[in-house]
Amino acid sequence: MIGGSAWALVNYEAGRMEINGILLLQDAGNPDVYYYLPTVPRVSEKNNGALEISLVKFVDPKGDTSGGLLHMLMTFSLPADERAGLEDALKEKIPKARLAGPVPLNQQEEGSFSIISGTLSDEGFTRSLISSGRAPVTPGSRAAVAATLSPHGATLLWESLNKPTSDVSVALRTYYEASLPSFEARISADVSTVYEHFSKVFNRQDNYARRQIRDIMDELVRTGTINVEIFDRLPEDTANKAMQSLVDLATTKLTEIIFDQETGFTAIPEKEKAVESGQIKGRQKKGWLAKVFTGTGNQKYYTDNQYVLKKRTDINRATFNINLNRRAVIRVPVDTAGNISGLYRQFRENPEMFRVVNLADPAFEKREVFFRVDGNFSGVFEDIMNFAGVSVIKQYPDHAAAAGELIFTREDIRQGRLSKSWRYARLGQKEEAWLDYGYRTTWSIRGQHRIKNPENPDEWQRSSDPIITIAPPLDRMDLEVDADRFLFEDAGIRSATLEVRYPVFGEKVKKRLAVMRVTDAESVSGHVLFHDPQAAVDYRINWYPSGGRPIKGDWQPLDETYLVLMPPEL
């Protein structure tokens with residue numbers, strides 16, 4: 001894996017090939033570099049080769065299934081052995097080729113990662129379903145899925161994992177960027193001008209007779225050919241329309257040059273003078289000196305045979321060629337799905353992946369409770385949160401209390417570890433009260449601030465559920481900002497900044513949320529804000545005209561989640 005693959009650009013058509021059922025795409029800048037597109041999402045692997053999936057089925061004292069818990073991490077990449085085989089096969093086909101890594105993928109919004117399952121989507125089978133929402137499109141990233149199952153849902157899911165095709169499939173919707181020839185134009189002209197002149201004169205004087213023959217030929221031939229070939233793949237594209245205007249301009253100017261008979265390619269050359277009357281004299285007359293000494297007596301006549309032959313040929317040729325090419329970057333959608341099948345048959349003996357918790361044996365029975373971070377608040381760890389902690393306590397009437405701590409760090413959230421468990425023993429308790437336990441959450445905020453719930457260290461939140469979802473005491477706002485870059489140009493605006501301010505745990509936060517430039521390719525951007533519940537969020541826009549002074553906006557309440565930016569009247 002190379003670092004540059006994060007921003008690599010591949011060709012859309014050139015260099016595509018399929019090896020071992022995997023699509024390979026050629027790098028747009030280096031024809032010897034290839035990237036692979038994984039086929040389907042799959043359950044990620046640990047360092048020891050075990051899959052990161054856990055399915056727990058709870059059995060009540062009567063022997064019936066009382067529920068279950070599913071947790072798994074998904075990835076969209078190739079295992080090391082498959083990638084090594086793919087690279088060897090590529091070397092055999094193209095010795096100079098190099099496999100750089102997976103195709104850089106992107107996603108526009110949350111929801112690109114979804115679960116397709118009758119069991120997990122049915123409210124009668126699933127009490128709750130939480131996923132990280134974001135597709136695992138970057139190398140090494142993983143997406144988390146956690147579900148609390150009803151008794152029927154746990155039984156159906158357990159059985160389906162033993163079948164060739166299970167009831168759980170994972171779907172991904174993402175895209176990659178590819179280079180595509182979108183506009184090609186060829187303008188060629190072949191112009192020739194041929195001027196031919198031919199004159200022939202024969203003159204003969206004999207026995208007082210003169211005959212003059214004149215034969216003159218004057219010919220001008222002009223030919224011109226203009227070829228315009230246009231290949232427009234994206235006729236609605238604004239840049240292609242500009243290219244078409246350039247082609248029209250070049251064609252018009254070229255046509256004018258060709259048909260301009262004075263200064264153009266087909267200018268008429270200066271014509272050769274033909275043989276005219278009087279150029280060849282007839283009878284030779286007596287000179288002046290002869291007239292003085294001999295008078296006007298009889299004088300002789302001379303036979304005068306003269307020939308004049310002219311031939312001139314001018315050939316002017318001109319050629320003109322221009323090639324206009326434009327390559328566009330397009331988004332190629334990738335929709336794929338993978339099925340979680342056959343896992344129980346292969347890993348049924350691995351208790352870390354599949355186990356049944358029997359609640360009927362109070363002697364040595366242990367219970368595992370799970371705590372997970374709400375996926376909707378996973379982004380708060382990148383912005384303002386240091387870590388989240390869960391303190392757990394189990395109190396017994398005849399034994400000392402058991403306690404534990406669970407910590408969710410920023411790295412845990414990045415790796416998709418949104419769920420962690422804590423186990424405690426039943427210690428012979430026969431009443432259903434042995435399922436009860438207490439917990440307390442702690443949220444560490446940047447700046448050495450901590451929020452505890454409950455605040456009193458002697459108090460605990462009580463529950464008997466096998467899984468608890470925790471979330472910080474904040475509201476989430478999904479903001480979409482839309483800015484028309486053409487309006488920026490019309491108003492003479494070079495760029496604009498969007499600032500927001502809102503309270504977080506009682507403290508005012510002011511941040512620059514987005515910078516929008518007239519040269520940006522995308523006009524819509526999405527942002528997520530976390531703020532105190534029911535608190536007001538304000539925003540303002542600062543405008544930066546081309547060559548002018550900045551225009552500071554006024555703070556306004558942000559009441560909508562879709563914000564359209566309109567340049568001020570200048």
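Predicted model: local features only at pLDDT ≥ 70, side-chain atom pairs only at ≥ 80, totals over all residues.
1. On a 1 Å grid over the protein atoms alone, a cavity is a set of points where a 1.4 Å probe fits but cannot get out, and a pocket is an open set with protein on both sides within 12 Å along at least five of seven lines; lining residues have an atom within 4 Å of a point. Grid points are joined across faces, edges and corners, and a volume is the space filled by probe spheres set on the points.

2. Residues are numbered from 1 along each chain as its sequence is written, and side-chain values use heavy atoms, with hydrogens and water left out.

3. The protein chain contains 9 helices and 30 strands (DSSP runs numbered from the N terminus: helices are H or I with at least four residues, strands are E with at least two). Of its 570 residues, 42% count as buried (under 20% relative accessible area; exposed is over 50% and partly exposed lies in between, with a 1.4 Å probe and protein chains only). Among contacts (heavy atoms within 4.5 Å) between residues at least 6 apart in sequence, 72% join residues at least 24 apart.

4. The whole structure holds 2 cavities of 30 Å³ or more. The second largest cavity has about 40 Å³ of space. Its lining consists of Pro38, Phe76, Ser77, Pro102, Val103, Leu105, Val137, Thr138 and Pro139. By class, the lining of this second largest cavity has 7 nonpolar residues, 2 polar and no charged (nonpolar: Ala, Val, Leu, Ile, Met, Phe, Trp, Tyr, Cys and Pro; charged: Asp, Glu, Lys and Arg; polar: the others, Gly among them).

5. The second largest pocket has a volume of about 570 Å³. It is lined by 26 residues, and Ser44, Glu45, Thr75, Ser77 and Pro79 lie nearest its centre. Strand S5 (42-43) and helix H1 (80-93) are the elements that give two or more residues to this lining. The lining of the second largest pocket divides into 12 nonpolar, 8 polar and 6 charged residues. Ser77 is named in the lining of the second largest cavity and also among the residues nearest the centre of the second largest pocket.

6. In helix H3 (residues 151-160), the buried residues are Gly153, Ala154, Leu157, Trp158 and Ser160. They lie on the same side of H3, because they cover an arc of only 165° around the axis (the arc is that of the directions from the helix axis to the C-beta atoms).

7. Ser391 belongs to strand S17 (residues 385-394), and it counts as buried because its relative accessibility is 11%. Its side chain makes a polar contact with the side chain of Glu405 at 2.7 Å (a pair of N or O atoms within 3.5 Å; within protein, one must be able to donate a hydrogen and the other to accept it, and residues adjacent in sequence count only if both atoms are side-chain atoms). Neighbours within four places in sequence aside, Ser391 is in contact with Gly404, Glu405, Gly438, Tyr439, Arg440 and Trp460.

8. Pro454 sits in the loop between strand S21 (449-453) and strand S22 (461-463). The peptide bond joining Asn453 and Pro454 is cis, with omega about 0°. Pro454 has 12% relative accessibility and therefore counts as buried. Not counting residues up to four places away in sequence, Pro454 touches Tyr439, Arg440, Glu459, Trp460 and Gln461. Tyr439 is 15 residues from Pro454 along the chain, and their C-alpha atoms are separated by 9.1 Å.

9. Asp532 is in the loop between S27 and S28 and, at 13% relative accessibility, counts as buried. Its side chain reaches the backbone nitrogen of Phe505 at 2.4 Å. Beyond neighbours within four places in sequence, Asp532 is in contact with Leu474, Asp475, Pro503, Val504, Phe505 and Gly506. Asp532 and Gly506 are 26 residues apart in sequence, with a C-alpha to C-alpha separation of 7.3 Å.

10. Two backbone angles may be checked by eye. Phe505, in the loop between strand S25 (493-504) and strand S26 (507-517), has a positive phi near 55° without being a glycine; Phe505 is partly exposed at 21%. Gln534, in the loop between strand S27 (524-531) and strand S28 (538-545), has a positive phi of about 60° and is not a glycine. Gln534 counts as exposed at 76% relative accessibility.
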